[in-house]
Amino acid sequence: ALDSSDVPILAQTLDAFLKSRLPKLTSDSLFQVGSRVCTMASSILVIAIVARALDPVDFGFWVLATSLSSFAICFDLGIGNALRNRIGIRLESNEAMTSFWLSFVVLVMVAAIAITVAAMLKEGFDWSLLLKGANGSDLERGAAAIALGFTCYIILQPILLGMKGFYSYQEARLNSLFETTQACLMLMAAAITLYADLSLLGGLTLYFGLILVNSAVSLFVFVQLRGWAHGITPALCDGLRSAKWILKSAPPFCLLQIASAFIVTLPPFLVSMLTGVDDAGIFRAVFVGFLAILALQAAYMMPIWTAFSLAYHDRDRAKAMALLRSGLFRNLLLLLILPVVVLAGADVIEIWMGRPFDDTQLLLTLSAWCILSAYITVLSVFLNGANRQLFSFYAAVPGLLLLVPLSVWAGEDQSALGVSIALIVTAILTLCLHTVFVVYTLKTAFTSAVTR
């Protein structure tokens, strides 16, 4: 266990780790890509292990419960990303500490309210509408699993501020370190679930518990490196007088996160409602593979987000264009990876899941959606860095509104394939709107004075 005498040694060690001579942006991106590779490998292995540890229905419950991480981001209310932008250009000021602790307390309060309301609504909700094909004890177990996942991911939101803070201080390597550690802990939880023959709820409790512990350690490290551990009380006293920045900066991020969360979280639940929990488990497993590819691509873009913010702050149009071209060009790598996924994916999934799979059409449609989403990510990061989060939200809303009716219409006959086709249609629309807003931003935002 760490005590107060260990903190200076820990800080010195981490400072040395951070101060390498590699070019900062490139090395941070490489560290992020490396951690996402570990996370991707861990996610794939976790699903393979859990598919063998649990029966098909419980496996479906597991993947639905763990898929709620994207939805829970809504309860961050956009504060995390707003904080990241805010302290990114106020690194050495007391305002950074004030903003951090105020954000933390606000998110703790939001988490408490959300969990209380969810607990009150849980008993009155008709879970059979969401978990088609489950009944009796299976339905109760599925409801408990989803409630557990929701609760843990909500608790994570204030704790994750430390991870987001690392980006503001160009310390993405530390973020990578904790992401890699979390990937290993997730894999360990799945292995214990299999070999100790844990129940669905026992395995999920271990899985989420280890994630919470790792995130709490990352928060501790971030605060110690800043020297903010003893500054929470004065920071809050000052912060309550300057809390208006949250009302000004967070809502655009909140709206964007809600749109993104629903686009990523809804598809497996739509499959569950249309065809059943078993099919939802398989769809989510395949979907996770493509989300892992997108996470790998996003890992490279996250350090560039701060660079976009600085370019916007300096009104450096040339630098912004160079960063945008770099991000778009690197997406071409996906055109080399995804054909291999389509050709070999069915056989790989059979080995991976230990169950028959021959839906090549699903792999093809999700590959097309993956390519479109990768380009949307680049354009969205640019707009967020340029303080145009609402543009990203406006671009995402039409697709989000169409996703459910299109999925229901196409999914009645095509099941999971219909949902994936709906994803493609909405992604095309979203990409077109993002492109329009990026062109407009380049023409206006880098020449006009914008109050930050």
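Student: Which residues does G60 touch, not counting residues up to four places away in sequence?

Tutor: G60 touches V277 and G281 on that count. Keep in mind that this is a predicted model.

Student: Where is G60 found, and is G60 buried or exposed?

Tutor: G60 is found in helix α3. Its relative accessible area is 0%, so G60 is buried, the cut-off being under 20%.

Student: How far apart are the C-alpha atoms of G60 and G276?

Tutor: They are separated by 9.1 Å, while the two residues are 216 residues apart along the chain.

Student: What share of the contacts with a separation of 6 or more comes from residues 24 or more positions apart?

Tutor: That share is 84% for the protein.

Student: Back to α3. Which helices do W62 and Y207 sit in?

Tutor: First the pair itself. There are 14 aromatic pairs in the count. W62 and Y207 form an aromatic pair that is edge-to-face, with 5.4 Å centre to centre and 65° between the planes. W62 is in helix α3 (residues 56-66) and Y207 in helix α10 (residues 200-226), so the pair links distant parts of the chain, 145 residues apart.

Student: Are W62 and Y207 buried or exposed?

Tutor: Both W62 and Y207 are buried. Another edge-to-face aromatic pair is formed by F100 and W101, at 5.2 Å centre to centre and 80° between the planes. F100 and W101 are buried too.

Student: Which residues form one aromatic cluster with F100 and W101?

Tutor: F104, F166, F178 and F222 form one aromatic cluster with F100 and W101.

Student: What percentage of the 452 residues is buried, and what does the accessible surface come to?

Tutor: Buried residues make up 53% of the 452 residues. The accessible surface comes to about 19,500 Å², and 70% of that belongs to carbon and sulfur atoms.

Student: Now backbone. What phi does D197 have?

Tutor: D197 has a positive phi of about 55°, although it is not a glycine. Most residues other than glycine have a negative phi.

Student: Where does D197 lie, and is D197 buried or exposed?

Tutor: D197 lies in the loop between α9 (172-195) and α10. Its relative accessible area is 64%, so D197 is exposed, the cut-off being over 50%.

Student: Last one, S380. Which residues is S380 in contact with, leaving aside its neighbours within four places in sequence?

Tutor: S380 is in contact with L256, S392 and H434. S380 lies in helix α16 (residues 360-385), and at 12% relative accessibility S380 counts as buried.

Terms used: Residues are numbered from 1 along each chain as its sequence is written. This is a predicted model: local features need pLDDT of at least 70, side-chain atom pairs count only at pLDDT 80 or more; totals for chains, interfaces and linings use all residues. Side-chain values use heavy atoms; hydrogens and water are left out. Buried means under 20% relative accessible area, exposed over 50%, partly exposed in between (1.4 Å probe, protein chains only). Contact means heavy atoms within 4.5 Å. Accessible areas come from the Shrake-Rupley method with a 1.4 Å probe; for residues, only the protein chains shown count as cover. Rings of Phe, Tyr and Trp (its six-membered ring) pair if their centres lie within 6.5 Å; planes under 30 degrees apart count as stacked, over 60 as edge-to-face and the rest as tilted. Helices (H or I, at least four residues) and strands (E, at least two) are DSSP runs, numbered from the N terminus.
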